[in-house]
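This report gives a short tour of one protein chain.

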Amino acid sequence: MGELYERPTVLAAARSMALGLMRRGPSNFAKFHSDDLLDDVLLQRSPSDTG
């Protein structure tokens, strides 16, 4: 799993999906949500990814 955090494309996709789901509100994907994974993905972002 740690190797995935090193791939910018994986981080960008995970971040995009998580933020999109948060904007939409509750959905069928809620039961698959992992706070720990989201924290790890969001903490791995670089300053240029904040836009």
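## Overall layout

The chain has two helices and zero strands as its secondary structure. The model shown is a predicted one. Helix α1 covers residues 8-24, and helix α2 covers residues 35-43. A loop lies between α1 and α2.

The chain holds 51 residues, and 14% of them count as buried. Its accessible surface comes to about 4,400 Å². Carbon and sulfur atoms account for 55% of that surface.

The relative accessible area of Asp39 is 43%. Asp39 is therefore partly exposed, since this class runs between the limits of 20% and 50%. The value also passes the patch cut-off, which asks for over 30% relative accessible area.

Phe29 has a relative accessible area of 49%. This value is not over 50%, so Phe29 counts as partly exposed and not as exposed.

## Pairs of residues across the sequence

Val10 is part of helix α1. Between Val10 and Val41 there are 31 residues of separation in sequence, and their C-alpha atoms are 9.3 Å apart in space. Val10 is partly exposed because its relative accessible area is 30%, which falls between the limits of 20% and 50%.

The other pair is Leu37 and Ala14. Leu37 is located in helix α2. Leu37 and Ala14 are 23 residues apart in sequence, with a C-alpha to C-alpha distance of 9.5 Å. The relative accessible area of Leu37 is 33%, so Leu37 is also partly exposed.

Notes: Residues numbered from 1 in each chain as written. Predicted model: local features only at pLDDT ≥ 70, side-chain atom pairs only at ≥ 80, totals over all residues. Heavy atoms only, no water. Helix = DSSP H or I, 4+ residues; strand = E, 2+ residues; numbered from the N terminus. Buried < 20%, exposed > 50% of the residue type's maximum accessible area, 1.4 Å probe, protein only. Areas by Shrake-Rupley, 256 points an atom, 1.4 Å probe, with all protein chains shown as cover.
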